[in-house]
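Here are my notes for a first look at this entry. Please read them with the structure open.

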Amino acid sequence: MKAVSIKESGGPEVLEWVEVEDPTPAAGEVVIDVVASALNRADVMQRWGLYPLQPGWSPYPGLEVSGRIGAIGEGVTGWQVGDEVCALLTGGGYAQKVAVPAGQLLTIPKGVGLVEAAGLPEVTATVWSNIVMAAGLKTGETILVHGGAGGVGTMAIQIAKALGARVVTTVGGPDKVARARELGADVAIDYRTEDFVEHGPYDVILDVIGGEYLERNVRSLAVDGRLVVIGLQKGLEGQLNLAEIVFKRASVHGTTLRTRSKEQKAAIVAEVQKNVWPMIENGTVKLVIDQTVPMADAAEGHRLMEAGGHIGKILLTND
């Protein structure tokens with residue numbers, strides 16, 4: 001088979017479409033014949049050498065795929081060769097085949113195409129595990145979603161709105177402000193011209209920015225507020241006023257999906273299948289796709305992501 005290999009740390013040009021060994025399913029795994037994958041910020045970090053791989057992880061990028069089951073390992077039940085699925089991965093999605101624990105498989109939601117489904121697992125699992133399972137977002141609360149035009153952001157706006165929350169988001173530029181409002185945001189803030197603190201306080205904040213926003217995030221939390229940091233796009237360090245945490249009874253969560261155990265991922269995937277898939281199937285929540293790029297041209301997809309002009313997901317498709 002072929003896969004996208006990272007020959008060395010660097011820009012998009014280090015991605016190569018090369019022949020590699022076919023995967024075989026271990027016990028409890030299936031092999032998926034990949035129809036499509038999708039870009040995530042972690043893929044870009046991995047390419048730059050900023051996301052060190054752990055033992056057992058695939059060296060190839062790609063945290064989600066859609067396709068058809070091509071082989072089934074020992075002990076797997078409930079799935080058959082030929083089933084159309086999408087899956088949450090630890091890596092290896094930029095390829096023609098990938099092995100994945102069966103607990104990380106999802107059905108294709110009704111009304112969603114097989115290619116489109118490649119963009120669902122990572123964003124839905126990220127959003128649900130953080131705003132619901134970690135932060136406990138409740139109906140009537142206010143959530144601030146940073147980066148509302150990205151894949152996670154566009155999904156977070158919709159899921160939070162479906163849960164009955166008031167949604168505020170930060171985006172860059174008037175076009176993205178308009179799109180965020182179309183997706184259901186009650187308030188869309190252009191971070192280039194406005195300060196999100198002025199629109200608080202917030203019960204929950206979902207943050208992909210990191211250090212640069214830490215002090216303002218905590219300052220704008222409501223009493224009993226919960227800040228969940230899932231990205232570090234703007235720095236690893238920031239100022240933190242502990243008095244803000246103590247007297248507000250606030251909490252700061254730092255989470256990442258990729259490093260969780262397969263058992264933890266299976267539990268999240270089951271929650272997503274149960275709670276988010278119905279929202280997608282009834283049209284309450286929709287995946288936002290910016291564009292589709294051939295898998296062999298993954299470097300172009302990375303250029304598009306780093307340029308920052310996209311709204312929603314960038315997909316990679318196999319022939």
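1. Start with the contacts. This is a predicted model. In the protein chain, 66% of the contacts with a separation of 6 or more join residues 24 or more positions apart.

2. Next, the make-up of the fold. The protein chain holds nine helices and 15 strands. Its radius of gyration is 19 Å, close to the 20 Å that the globule rule gives for 319 residues, so the chain is as compact as a globular protein of that length. The C-alpha trace spans about 55 × 40 × 35 Å along its principal axes.

3. How much of the chain is buried? Of the 319 residues, 54% are buried. The chain exposes about 13,400 Å², and carbon and sulfur atoms supply 50% of that area.

4. Charges come next. The protein chain has 28 positive and 38 negative charges. Their mean positions lie 4 Å apart.

5. Now look at helix H4, residues 174–182. Its buried residues are Lys176, Val177 and Ala180. They fall within an arc of 105 degrees seen down the axis of H4, so they line one face of the helix. An α-helix has 3.6 residues a turn, so residues three or four places apart point the same way.

6. Which residues are on the face of H4 turned away from its buried side? That face carries the exposed residues Pro174, Asp175, Arg181 and Glu182.

7. Check what covers the buried residues of H4. The cover includes helix H3 (151–162), strand S9 (166–171) and strand S10 (187–190).

8. Last, the stretch following the helix. Just after H4, glycine 184 takes a positive phi of about 120 degrees.

How values were computed:
Residues are numbered from 1 along each chain as its sequence is written. This is a predicted model: local features need pLDDT of at least 70, side-chain atom pairs count only at pLDDT 80 or more; totals for chains, interfaces and linings use all residues. Side-chain values use heavy atoms; hydrogens and water are left out. Helices (H or I, at least four residues) and strands (E, at least two) are DSSP runs, numbered from the N terminus. The radius of gyration is taken over C-alpha atoms; the globule rule is 2.2 Å times the number of residues to the power 0.38. Buried means under 20% relative accessible area, exposed over 50%, partly exposed in between (1.4 Å probe, protein chains only). Contact means heavy atoms within 4.5 Å. Accessible areas come from the Shrake-Rupley method with a 1.4 Å probe; for residues, only the protein chains shown count as cover. Lys and Arg count as positive and Asp and Glu as negative; His and the chain ends are not counted. The place of a charge is taken as NZ of Lys, CZ of Arg, CG of Asp or CD of Glu. The arc is that of the directions from the helix axis to the C-beta atoms.
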